[in-house]
Amino acid sequence: MNNYVHPLHHHFPKEAIIKKAPKANTSFKQVLSSVSEVKLSNHAKSRLHERNIYISNEKWNQISEKMNEAKGKGVTDALVVLEDVALVVNTKNNIVVTAVDSKTATDKIFTNINGTILI
């Protein structure tokens, strides 16, 4: 008897992802505080300071949301592209590794990333 194996494989996450809905009496502020914040590495802090790069709280919130989305899709190291700034981030640890503005990005090549986030 001939056993036929279908060439398409189904990909399932190694661990089931279960998200509990917040309780009805949970405030919006409490829900927001449970979301992990983006941290800056010492290197990223110094680059932001040296290059006079300012990112608004609104943009940081967008970056955080998109990092979580990318993490859910399996992205571990991503390039976040803003209008005039690029950030290399590690979604696994929610940390910004480095920051580059358009003036100092001379070679415009980013390595060791497996995803890109456009904001």
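Which residue in the turn between strand 3 and strand 4 has a positive phi? It is Asn 94, with a phi of about 50 degrees, in a hairpin that strand 3 and strand 4 form with four residues between them. The model is a predicted one, in which local features need pLDDT of at least 70 and side-chain atom pairs count only at pLDDT 80 or more, whereas totals for chains, interfaces and linings use all residues. Residues are numbered from 1 along each chain as its sequence is written, and side-chain values use heavy atoms, with hydrogens and water left out.

Helices (H or I, at least four residues) and strands (E, at least two) are DSSP runs numbered from the N terminus, and two strands pair if DSSP finds at least two bridges between them. Five strands form an open sheet of mixed pairing in the order 1-4-3-2-5. Strand 1 (39-40) and strand 5 (115-118) stand at the edges with a single partner strand each, so one side of each is left without a neighbour in the sheet.

The pairings of strand 3 (residues 85-90) are set out here.

| Partner of strand 3 | Sense | Bridges |
|---|---|---|
| Strand 2 (residues 77-81) | antiparallel | five |
| Strand 4 (residues 95-101) | antiparallel | six |

Strand 2 and strand 3 also form a hairpin, with three residues between them. Within these pairings, Ala 86 of strand 3 is the bridge partner of Val 81, and Val 85 stands opposite Asp 101 in strand 4.

Six of the six residues of strand 3 are buried (under 20% relative accessible area, against over 50% for exposed and in between for partly exposed, with a 1.4 Å probe and protein chains only), so strand 3 is largely enclosed by the rest of the structure. In a regular strand the side chains alternate between the two faces of the sheet. Here Val 85, Leu 87 and Val 89 point one way, while Ala 86, Val 88 and Asn 90 point the other way.

A nonpolar core is a set of buried Ala, Val, Leu, Ile, Met, Phe, Trp, Tyr and Cys residues joined through side-chain atoms within 4.5 Å. In the largest such core, of 19 residues, Leu 87 and Val 89 are among the residues that touch the most other members, together with Ile 55, Trp 60, Ile 63 and Val 96. The largest share of this core, four residues, comes from helix 3. Contact means heavy atoms within 4.5 Å, and beyond four places in sequence Leu 87 touches residues including Ile 55, Trp 60, Ile 63 and Val 96.

Asp 101 is buried yet has no salt bridge (a side-chain nitrogen of Lys or Arg within 4 Å of a carboxyl oxygen of Asp or Glu). The nearest side chain of opposite charge (Lys and Arg count as positive, Asp and Glu as negative, with His and the chain ends not counted) is that of Arg 51, 4.7 Å away. A polar contact of 2.4 Å joins the side chains of Asp 101 and Thr 104, the term meaning a pair of N or O atoms within 3.5 Å, where within protein one must be able to donate a hydrogen and the other to accept it, and residues adjacent in sequence count only if both atoms are side-chain atoms.
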